[in-house]
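Here are my notes on the model, in numbered points. Please read them alongside the coordinates.

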Amino acid sequence: MHMFRVRDDYRRAQLAIAALFLFLGFQYATWVSRLPALRTRLDLSEARIGLLLMVCGVGAAVSFPLVAVLMRRLGSRVLASVSALALGAVLLALSVVPNYPVALLVLFCDGVAVGCLNVAMNAQGAALEVRFERTSMSRLHATFSGGSLLAALLASGVNAFTSTLAVHFGLATVLLVLVLGLAQPGLLREERPAGETAGATTGESAQDTADKPAEDSEDAEEKRRRFSLPSRVTIWMGLAMVFGTVTEGAMNDWSALYLKDVVHAAPSLAPMGIAVVSVMMVLARIFADGWRTRIGDGRIVRAGSVLAGAGLALALLVGGLVPTLIGFACVGVGIAAVTPCVYVAAARQGSDALSLVAAMGTTGLLAGPAVIGFIANAGSLTWGMGAVAASAVIVSLCATQIRWPAVKDSTLKDSTLKDSTAKHSTTKDSTTKEAAVDEAKVNEATAEQPAVTEALTEA
C-alpha cells in the first residue's frame with residue numbers, strides 16, 4: 001500500500017512522519033478522553049485513576065534503555081511501525097479489561113510503546129531536517145495536537161450515539177491502522193549513527209576510521225562517560241520540559257473529568273475540553289516559527305507559560321463552562337511553543353542533552369498527570385487543576401535560566417543571505433554583460449571576415 005502520492009521527496013517524507021505524530025496524539029487522546037467511562041466501569045477513585053496514569057508514566061520511563069537497543073537493531077523506521085501497532089493493540093485491550101490490575105498492566109505496556117514511538121518519530125523528524133536541510137519539527141509537533149483534536153471530536157461523536165468502549169476503541173484502532181499503512185512506505189530508510197555522520201562530514205572513509213589507534217576509542221568512551229553528566233543548563237531545560245509536559249498531559253487527562261464533575265457539563269460536552277486545548281495548540285504551533293523569528297524563543301516560552309498559568313487560574317476562580325473553556329484555550333496557546341523551543345535549545349547542547357530532555361518530557365507527559373490525581377484525591381479536582389496552573393508558571397521560571405538562541409541570529413542570517421544573494425546577482429549581471437560584449441565583438445569580427453577575404457583575393 002503506497003502512501004501519499006506526492007512526487008516531491010521532502011513532502012512525501014514530511015507527510016509520512018507527520019502521520020506518526022498524528023497517530024500518537026490520536027491514540028493517547030482516545031483513551032484519556034474516555035477516562036470517565038473507564039472510571040465508572042471499573043469503579044475507580046481519583047487515587048486509582050492517578051495510579052493508572054502513573055503506571056503509564058513508569059512504562060515510558062523504563063522504556064528508554066530498551067529504546068536504545070531497539071534503535072540500534074531495528075532503526076527508527078521499523079521501531080515506529082512496531083510500537084504503533086502495539087499502541088493499537090492497547091486500545092483494543094482497554095476496551096475489554098475485566099478489572100483494575102489488568103488495566104494497570106495494559107497501561108504499563110502503553111507507556112513502553114509510547115516511549116518507543118516518541119523516540120522513533122522524533123529521530124525520523126531530525127533525520128528529515130538533516131537530509132533536506134529544512135526546518136519542520138514545529139509543524140510535526142502541531143500534527144500531534146491535531147491528532148488529539150481529532151480523537152476528542154471522534155470521542156464526542158461516538159459518545160452521542162453509544163457509550164460502549166468497544167465500539168469507540170475498535171473504530172479508533174481501524175483508523176490508526178489505516179494511517180500507519182499509508183505512512184509506513186514514506187518513512188525515511190537510510191539512517192546513520194551520529195558518529196558515522198560526523199565522519200562523513202569530515203571526509204573520513206570507513207577505512208580511515210578503522211585504521212585509527214585504539215587510544216581514540218578509549219578517548220571516545222571517556223567522552224561518552226563525561227557527557228553522561230548533564231550540565232546545569234541541561235537540567236533547567238529538562239525541568240522546563242517536565243513541567244511543560246505535565247501541564248499539557250494534565251489538560252488531556254483531567255479536563256474531561258473536570259468539566260463533568262466540577263463544571264457539571266453534559267457528558268457529550270466533556271471531551272470538548274481536550275478539543276479546545278488541542279485546536280489552540282495546533283494553531284499556535286503552525287505559526288510558532290514566525291513568532292520565534294520575530295520575538296525569540298525565550299520570550300515566547302516565558303510569556304506563553306505565564307499566559308497558560310494565569311488563564312487557567314482565573315478560569316478556576318470564576319467557574320462556569322464558558323470561562324473554563326476560555327482558560328483551557330489560554331493553556332493551549334501558551335504552552336504550545338514550549339516543547340519545540342526547548343527541543344531546539346537542547347539540540348544546541350548536543351545529542352546527549354537532547355536525549356535526556358526528551359526522556360524527561362515523555363515521563364512528565366505520562367507520569368505528571370498521576371500526581372495531579374493524587375492531589376485531587378487528597379483535596380479536590382479544583383486543587384489538582386490549580387497545580388496544573390502552578391506547573392505552567394514554573395516553566396516560565398525555568399526559562400529564565402536557559403540560554404536561548406538570540407533573535408539577532410535569525411535576523412543576521414536573513415540579512416547575510418540577502419547580501420549574498422544581491423552580490424551573486426550583481427556578479428551574475430556583470431558576467432552576463434561581459435559575455436554580451438564579447439559575443440558582439442565576435443559577431444563583428446565574423447561579419448568583417450568575408451570582406452577581408454575578398455580584398456585579399458582581388459589583390
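1. The mean pLDDT of the protein is 78, with 77% of its residues at 70 or more; pLDDT is the predictor's confidence in each residue, from 0 to 100. This is a predicted model, in which local features need pLDDT of at least 70 and side-chain atom pairs count only at pLDDT 80 or more, while totals for chains, interfaces and linings use all residues. Residues are numbered from 1 along each chain as its sequence is written, and side-chain values use heavy atoms, with hydrogens and water left out.

2. Residues 223–227 make one contact beyond four places in sequence in the model, a contact being heavy atoms within 4.5 Å. For residues 455–459, also under 50, the model has zero such contacts.

3. The protein has 18 helices and zero strands. Both are DSSP runs numbered from the N terminus: helices are H or I with at least four residues, strands E with at least two.

4. Of contacts between residues at least 6 apart in sequence, 84% join residues at least 24 apart. Of the 459 residues, 45% count as buried, that is, under 20% relative accessible area (1.4 Å probe, protein chains only).

5. Helix α4 (residues 100–132) has 33 residues and spans 47 Å from first C-alpha to last, close to the 48 Å expected at 1.5 Å a residue; the expected span is 1.5 Å times one less than the number of residues. At its start, a side-chain oxygen of asparagine 99 comes to within 3.1 Å of the backbone nitrogen of valine 102. Glutamate 133 follows α4 and has a positive phi, near 55°.

Definitions and conventions:
Buried means under 20% relative accessible area, exposed over 50%, partly exposed in between (1.4 Å probe, protein chains only). A polar contact is a pair of N or O atoms within 3.5 Å; within protein, one must be able to donate a hydrogen and the other to accept it, and residues adjacent in sequence count only if both atoms are side-chain atoms.
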